[in-house]
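Please read it alongside the sequence and the coordinates.

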Amino acid sequence: MLRKSILSLLIHLFVLVVLSGCNSGSSESSYGAYLIIDGKEYTWQGDIENNEFTVADKIGEVNKKVDKEVMPKDNLSSNFLEVGEKIYSSNEDSKVVLVKREHDGNYDKFTESDYYKEHNSED
């Protein structure tokens, strides 16, 4: 009888450990927000703050949106931005592009993939 109880307890404990391991972390996955322009990968950095960057020339518009968990590959495609949102260069840095968001009219900043490597090496 004691042996059956211990065995049953061990089986339940094993199942509990396996199930909790399968559900570790949050139920939400996080994905990066990307934009592809002329084969270069740009990463979303958030809203423009304190006028750190200003709008220059229009580069184009987002013409394809892929699922959030997919890395975009085509020119002017994104897994974050909506089709039709306008993309601009910035006056201050050639590795920064600005996107006017249709849902709120604000500009979001995207930086080229090596932006922070280059800016940190200048320090």
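A residue is termed buried under 20% relative accessible area, exposed over 50%, and partly exposed in between. On that scale Glu52, at 34% relative accessibility, counts as partly exposed. The model discussed here is predicted. Its secondary structure comprises two helices and eight strands, and the order of elements from the N terminus is α-β-β-β-β-β-β-β-β-α.

**Overall figures**

- The protein has 123 residues, of which 28% count as buried.
- Among contacts in the protein with a separation of 6 or more, 54% are between residues 24 or more positions apart.

**The sheet**

- Eight strands make up an open sheet with mixed pairing, and their order is S3-S6-S7-S8-S2-S1-S5-S4.
- The edges are taken by strand S3 (55–61) and strand S4 (64–65); each has a single partner strand, so one side of each has no neighbour in the sheet.
- Strands S1 (residues 34–37) and S5 (residues 77–78) are paired in the antiparallel sense, over two bridges.
- Leu35 has Ser78 in S5 as its bridge partner.
- In general, the strands of a sheet pair through backbone hydrogen bonds, in either a parallel or an antiparallel arrangement.

- Thr111 belongs to strand S8, which covers residues 107–112.
- Thr111 counts as buried because its relative accessibility is 1%.
- The side chain of Thr111 makes a polar contact of 3.1 Å with the side chain of Gln45.
- Leaving aside residues up to four places away in sequence, Thr111 touches Glu41, Tyr42, Thr43, Gln45, Lys95, Val96 and Tyr116.

**Salt bridge between Lys109 and Glu52**

- The count of salt bridges in the model is nine.
- One of them joins Lys109 to Glu52, with the closest N and O atoms 3.5 Å apart.
- This pair connects distant parts of the chain, since Lys109 is in strand S8 and Glu52 in the loop between strand S2 (40–47) and S3, 57 residues apart.

**Salt bridges of Lys95**

- Lys95 forms a salt bridge with Glu112, and the closest N and O atoms lie 3.3 Å apart.
- Lys95 sits in the loop between strand S6 (86–90) and strand S7 (96–100) while Glu112 is in strand S8, so this pair ties together parts 17 residues apart in sequence.
- Lys95 and Glu112 are both buried.
- Lys95 also meets Asp114 in a salt bridge, at 3.4 Å from N to O.
- The link to Asp114 again spans distant parts of the chain: Asp114 is in the loop between S8 and helix H2 (115–121), and Lys95 is in the loop between S6 and S7, 19 residues away.
- Asp114 counts as partly exposed because its relative accessibility is 22%, while Lys95, at 15%, counts as buried.

**A salt-bridge network**

- Lys58, Glu61 and Lys86 are connected in a network of salt bridges.
- As a general point, side chains of opposite charge can pair when their charged atoms come close.

How values were computed
Residues are numbered from 1 along each chain as its sequence is written. This is a predicted model: local features need pLDDT of at least 70, side-chain atom pairs count only at pLDDT 80 or more; totals for chains, interfaces and linings use all residues. Side-chain values use heavy atoms; hydrogens and water are left out. Helices (H or I, at least four residues) and strands (E, at least two) are DSSP runs, numbered from the N terminus. Buried means under 20% relative accessible area, exposed over 50%, partly exposed in between (1.4 Å probe, protein chains only). A polar contact is a pair of N or O atoms within 3.5 Å; within protein, one must be able to donate a hydrogen and the other to accept it, and residues adjacent in sequence count only if both atoms are side-chain atoms. Contact means heavy atoms within 4.5 Å. Two strands pair if DSSP finds at least two bridges between them. A salt bridge is a side-chain nitrogen of Lys or Arg within 4 Å of a carboxyl oxygen of Asp or Glu.
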